[in-house]
Amino acid sequence: LLWLFSFLVRREADSPTSLFFAVGSMLLFNPYMIADAGLWLSFAATLGLVTASGPLADRLTRLFSSRRPEGRTAGRLSGKLVRLAASALSAAVCAQLFVLPIQMIVFGELSLIALPANLLVGWSAQGAFFGGALAAAASCFGLPAGQVCAFPAVLLARYQLRIVPAMASLPYATVSAGSFYTGAAVVFGYLLL
């Protein structure tokens with residue numbers, strides 16, 4: 001809404017300002033949300049996406065685009081695939097990096113499988129959401145139409161319901177964040193980045 005308003009008054013909108021405005025508006029209506037870990041995690045993940053994901057995706061695209069196959073059509077297709085993969089990887093990495101300190105403080109654990117799990121499940125979550133919305137819209141024309149449209153979304157949701165518990169049951173999926181070594185490794189990783 002803030003972006004649309006800025007367009008109407010001919011001002012430039014930026015994502016960080018919109019994000020802070022949205023959080024500020026929510027806290028204005030319910031100041032107790034400041035204690036909600038879900039708000040902090042959502043805010044941190046979104047902040048990571050809007051501030052760091054784009055530049056990281058650009059760097060990854062440049063890094064891998066020099067290895068494209070020859071030919072005009074093959075080059076365009078491979079360029080799009082590289083950009084898609086770079087965008088997905090950068091979104092997962094940036095969101096995870098920004099929520100990591102909050103997860104460690106709130107839950108006292110560090111997830112070692114969060115990044116691969118997000119890469120395995122993130123795309124299917126979007127597909128299930130949009131498939132569900134399409135099925136809801138199609139059901140206005142009759143229940144069978146909604147059921148047919150819901151089939152892909154159901155498959156994607158079932159995929160998620162199998163992958164997530166399987167990943168969580170892996171040995172060393174999480175480690176205690178209370179350990180000095182875990183904290184030192186995280187601080188060293190952030191300094192290295």
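Buried residues make up 25% of the 193 residues in this protein chain, where buried means under 20% relative accessible area, exposed means over 50%, and partly exposed is what falls in between (1.4 Å probe, protein chains only). Keep in mind that this is a predicted model: local features need a pLDDT of at least 70, side-chain atom pairs count only at pLDDT 80 or more, and totals for chains, interfaces and linings use all residues. Residues are numbered from 1 along each chain as its sequence is written, and side-chain values use heavy atoms, with hydrogens and water left out.

**Overall layout**

- The chain has seven helices and two strands; helices (H or I, at least four residues) and strands (E, at least two) are DSSP runs, numbered from the N terminus.
- Reading from the N terminus, the order goes α-α-α-α-β-α-α-β-α.
- The C-alpha trace spans about 55 × 55 × 45 Å along its principal axes.
- Take the contacts (heavy atoms within 4.5 Å) between residues at least 6 apart in sequence: 69% of them join residues at least 24 apart.

**The N-terminal end**

- Phe5, Phe7, Leu8 and Val9 make a nonpolar surface patch with about 470 Å² of accessible area together.
- For the patch rule, residues need over 30% relative accessible area and no salt bridge; like charges are joined within 9 Å, and nonpolar side chains (Val, Leu, Ile, Met, Phe, Trp, Tyr) within 5 Å.
- Val9 sits in the loop between α1 (2-8) and α2 (15-29), and its relative accessible area of 41% makes it partly exposed.
- Leu4 belongs to helix α1 and is also partly exposed, at 46% relative accessibility.
- From Leu4 to Thr46 there are 42 residues along the chain and 19 Å between C-alpha atoms.

**Nonpolar cores**

- The largest nonpolar core has six residues: Leu41, Ala44, Ala45, Ala95, Val99 and Ile102.
- Helices α3 (37-65) and α4 are the elements that give two or more residues to this core.
- A core here is a set of buried Ala, Val, Leu, Ile, Met, Phe, Trp, Tyr and Cys residues joined through side-chain atoms within 4.5 Å.
- Apart from that core lies another one of five residues, including Leu100, Met104, Ala177 and Val186.
- Back in the largest core, Ala44 touches Phe98, Val99 and Ile102, leaving out residues up to four places away in sequence.

- Ser90 is in helix α4 (residues 72-107) and is buried, with a relative accessible area of 0%.
- What does the side chain of Ser90 reach at 3.2 Å? That would be the backbone oxygen of Ser53.
- Beyond its neighbours within four places in sequence, Ser90 is in contact with Ser53, Leu56, Ala57 and Leu60.
- Cys94, also found in helix α4, is buried at a relative accessible area of 4%.
- Setting aside neighbours within four places, Cys94 contacts Gly48, Ala52, Ser53 and Leu56.
- Glu12 is 82 residues from Cys94 in sequence, and their C-alpha atoms are 24 Å apart.

**Thr182 on helix α7**

- Thr182 is found in helix α7 (residues 180-192) and counts as buried, at 12% relative accessibility.
- A polar atom of the Thr182 side chain lies 3.2 Å from the backbone oxygen of Ser176.

**The salt bridge**

- How many salt bridges does the rule give? The count comes to one, with a salt bridge being a side-chain nitrogen of Lys or Arg within 4 Å of a carboxyl oxygen of Asp or Glu.
- The partners are Asp58 and Arg83, whose side chains meet at 2.8 Å, N to O.
- This pair links distant parts of the chain, with Asp58 in helix α3 and Arg83 in helix α4, 25 residues apart.
- Asp58 is partly exposed, with a relative accessible area of 34%, and Arg83 is partly exposed at 33%.

Notes
Areas by Shrake-Rupley, 256 points an atom, 1.4 Å probe, with all protein chains shown as cover. Polar contact = N/O pair within 3.5 Å; in protein donor to acceptor, adjacent residues only side chain to side chain.
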